[in-house]
Amino acid sequence: MTHQLLQHKRGVIFGVLDRDSLAWAVARQCKDEGAALVLTNTETSLRLGPVLELAAEVEAPFIPADATNIDDLRRLWQEAQQHLGGPIDFVLHAVAQSDNIRRHRAYEEASHNYLMHTLDVSALSLHKLLQTAMEADALSEGASVVTLTYIASEQAMANYSDMGDAKALLESIARNFGRAYGERKGVRINCVSQSPTPTRAARQCESMDRFRHYVNALAPLGNADAESCAKVCTMLFSDYTPHVTMQTIYNDGGFAHTGLTDRVVKENAFGI
Ligand SMILES: NC(=O)c1ccc[n+]([C@@H]2O[C@H](COP(=O)([O-])OP(=O)(O)OC[C@H]3O[C@@H](n4cnc5c(N)ncnc54)[C@H](O)[C@@H]3O)[C@@H](O)[C@H]2O)c1
């Protein structure tokens, strides 16, 4: 069921790679809710996944851009506004990459070169995206920007290597730019902290299936899936959250604030 919450809105979606991508679910939901879209990702993403299939489905052009490259971002804002016919009303930042995770290097053994790259792609890209958007005055008054984060920004998590540091920085950038862009143009910037969801990026974490099983047993509502994430993003993009900004919204079935559940204690979810 859709409500046309995003009718007449123009959106740019970063991070669609394949059907499992959180951004894929968000793009489909936004289209169903009436938005006009531009999709963006790296050139390489075109080789890795069926990005153009989704672009056809949601009737959006694909504009390649490396989210760490200022020139690419400047061109993206210009071309996106040309295509959509005006300033952008909402942006999804769903961008992350860690070579430490990909190569199964534990936090304490992280390569510092990889760590710098992780921070650039997974956190600083949000700063770059917002700074270039502000320079180009590419966002409309009261526009909404959402980035996707994870509870490892606050809690130490096994198998998440350097990405916990990246998420902590990402959330800090969302707050600090939320202050600046809010004062300047009423732009809202929020983080959605999502349950572990089986995507290409997440599958690079060791023992991802066991990890998801564990978290699911600890969350009173169980793990949130990609479609659930898309609904929360849609709400934040819509006009129903005009004063929600600089927040981290937990779309995690209650995991972030739970100690133990009956499922773990009484139902013996781990077979102990
Ligand atoms: N899947 C989960 O369990 C989970 C949980 C919480 C938060 N997240 C976050 O959600 C976001 C989306 O990840 P996902 O899980 O959908 O995985 P995904 O692999 O589908 O998406 C990651 C995206 O980042 C893009 N990317 C990497 N480097 C880039 C660059 N330099 N420029 C532009 N794009 C680049 C990739 O091409 C890909 O589209 C990430 O920020 C991730 O950390 C995921």
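**Ligand shell and fold**

I start with the ligand: helix 8 gives the largest share of the shell around it, three residues. This is a predicted model, where local features need pLDDT of at least 70, side-chain atom pairs count only at pLDDT 80 or more, and totals for chains, interfaces and linings use all residues. Residues are numbered from 1 along each chain as its sequence is written.

Helices here are DSSP runs of H or I with at least four residues, strands are runs of E with at least two, and both are numbered from the N terminus. Helix 1 (22-32), strand 5 (139-149) and helix 8 (200-203) each supply at least two residues of the shell. There are 26 residues around the ligand, and Leu17, Ser21, Ala96, Thr199 and Ala201 come nearest. For this shell, a residue is near if its C-beta atom, placed from the backbone, lies within 6 Å of the molecule.

Now the whole chain. The protein has eleven helices and seven strands. Its radius of gyration is 18 Å, close to the 19 Å from the globule rule for 272 residues, so the protein is as compact as a globular protein of that length. That radius is taken over C-alpha atoms, and the rule is 2.2 Å times the number of residues to the power 0.38.

Of the 272 residues, 46% count as buried, meaning that 20 or more other C-beta atoms, placed from the backbone, lie within 10 Å of the residue's own.

**Strands**

Which way do the residues of strand 1 point? Arg10, Val12 and Phe14 point one way and Gly11 and Ile13 the other, and all are buried. Five of the five residues of strand 1 (residues 10-14) are buried, so the strand is largely enclosed by the rest of the structure.

Strand 1 pairs with strand 2 (residues 36-41) in the parallel sense over five bridges; pairing requires that DSSP finds at least two bridges between the strands. Gly11 has Leu37 as its bridge partner in strand 2. Strand 1 also runs parallel to strand 4, with three bridges, and there Ile13 is partnered by Leu92.

Strand 4 (residues 88-93) is mostly covered, with six of its six residues buried. Five bridges join strand 4 to strand 5, again parallel, and Phe90 stands opposite Ser144 in strand 5.

Last, Cys233. Beyond its neighbours within four places in sequence, Cys233 is in contact with Val26, Leu92, Val146 and Val192, contact being C-beta atoms, placed from the backbone, within 7 Å.

Note on methods
Buried ≥ 20, exposed ≤ 12 C-beta atoms within 10 Å, placed from the backbone. Contact = placed C-beta atoms within 7 Å.
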